[in-house]
Each structure stands twice: as C-alpha cells, then as structure tokens.
Amino acid sequence: MAILFALVLIAIPLAMQLRGVGAAGMALSVAAIYALMVFGLWLITALPPAIAQTVLRTITLSQTSDNSPYLDTYYVVANIGPVIMPGLLFGGIGLILWVLTRWNALVHQWLAKTLFWVLHLGVLAMPFVALLLSRQGMPRRYTDYTAASAMPNTINMILAGSAALAFLLMVTLMLWSVIARLRR
C-alpha cells in the first residue's frame, strides 16, 4: 500500500511536468494526494481505535477506576502527523507559486520545478528510510543505536538536509520573485 502511494506521488507530478504544467500545479497535486492520504489514514487508524476506546471506556468505567491504557492517543498522532505536515507544506508552496504565476512574478519556473522535485523526493524518501530503521528495532536513545543503523541514519540526515535546503531555496526564489515584480 505504501509503495502504491509512493508511485502515485511520483507518477502524478511527473505526468504533470511532462504535460507542461507549472510548479504550482505540481505542488498542489501533491498536496491533494497527501490530503487524500490523511483522510484514508484517519479512516484506517484513527476512527476504529476511537470507536473501540469509546466502547471499552463504557465497559471499564463501570468495572475499574483506572482506565488509562484505553485513553492513549499516541498511535493516532504517530500515524497521521507525518502525513499532515508534508500536505500542508506542499499546499502552502503550491498556493504561493500559483499566486506568483498568476501575478506573472515567478522569475524562474525551471528552478521552481527543480526545487520542487528535490523537496518532494526528499520528503517522500524519509519515511522509507525510517521504515528500514524500524525493522531493525528502533531504540529510544541515540546511544543505544546499533552499528547497522548508522548508514540508514546517515541517508536520512542527507535526505532531510537536501529537503530543508530545497525548501529554503524555494522560499528564497519566492521572495526574489516578489522583489523582482515590485521593482518592475
């Protein structure tokens, strides 16, 4: 299922780029896919446990006074949070690029597309590296990491650094476009 979403997240923006759609359309399409993923993950991970918690709470409240294991929302936050943030990120970038394109202020469309792909692939690849780490049994403290997890951690740091750099360059490009438009 995760591989299918990854293929969709790569195939749709790639098809849009081949058809000549701008960076704003590509970013908004990725944001829409993330929004659908959030809704799907909510249906799968948040709704059934919430219903089960409600049922178990009504059963256990009458039996015991301590029902703390049934009130834990850690898994809901842990599953949906990493999907909400990229969707918001690409949605915001897509809206700003769309406004700049409509305002005829985007200085370099090709640079925006290149930075979009670096940011998008970096954000998309990080969960797969984390999946590799979790298969090895992820410790809670940094000092407990095994030697085998050094390479995936290094890859994850490189991906995060390239995505952060692409984001900063994207913001710089947007500000540069606005300043260039105001000078005209």
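Predicted model: local features only at pLDDT ≥ 70, side-chain atom pairs only at ≥ 80, totals over all residues.

Residues are numbered from 1 along each chain as its sequence is written, and side-chain values use heavy atoms, with hydrogens and water left out.

**The whole chain**

Display the protein chain as a cartoon. Its secondary structure comprises five helices and zero strands, in the order α-α-α-α-α along the sequence. Here helices (H or I, at least four residues) and strands (E, at least two) are DSSP runs, numbered from the N terminus. Of the 184 residues, 28% count as buried; buried means under 20% relative accessible area, exposed over 50%, and partly exposed in between, with a 1.4 Å probe and protein chains only. Among contacts (heavy atoms within 4.5 Å) with a separation of 6 or more, 78% join residues 24 or more positions apart.

**Helix α4**

Select residues 109-135, which form helix α4. This helix has 27 residues and reaches 40 Å from its first C-alpha to its last, close to the 39 Å expected at 1.5 Å a residue; the expected span is 1.5 Å times one less than the number of residues. Its buried residues include F116, W117 and H120.

Next, select K113 within α4. Is K113 buried or exposed? K113 is buried, because its relative accessible area is 15%. Leaving aside neighbours within four places in sequence, K113 is in contact with Q17, G20, V21, G22, A23 and M26.

**Helix α5 and its packing**

Select residues 150-183, helix α5, which has 34 residues. From first C-alpha to last, α5 reaches 49 Å, close to the expected 50 Å. One of its buried residues is N156, which counts as buried because its relative accessibility is 19%. N156 touches M126 and V129, not counting residues up to four places away in sequence.

Now show α4 and α5 together. They pack at an angle of about 155 degrees, with their axes 8 Å apart; axes are lines fitted to C-alpha atoms, for helices over the stretch in contact, and angles run from 0 to 180 degrees between N-to-C directions. Therefore α4 is roughly antiparallel to α5, a term for angles over 145 degrees, while those under 35 count as roughly parallel, 65 to 115 as roughly perpendicular and the rest as oblique.

**The nonpolar core**

Select Y34, F90, L97 and F116, the residues with the most contacts inside the largest nonpolar core, which has 28 residues. Such a core is a set of buried Ala, Val, Leu, Ile, Met, Phe, Trp, Tyr and Cys residues joined through side-chain atoms within 4.5 Å. Helices α2 (23-63), α3 (74-102), α4 and α5 each supply at least two residues of this core. Which helix gives the largest share? That helix is α2, with nine residues.

**A final stop at L89**

Lastly, select L89 in helix α3. L89 is partly exposed, because its relative accessible area is 23%. Not counting residues up to four places away in sequence, L89 touches L119 and F167. L89 and F167 are 78 residues apart in sequence and 9.3 Å apart in space, C-alpha to C-alpha.
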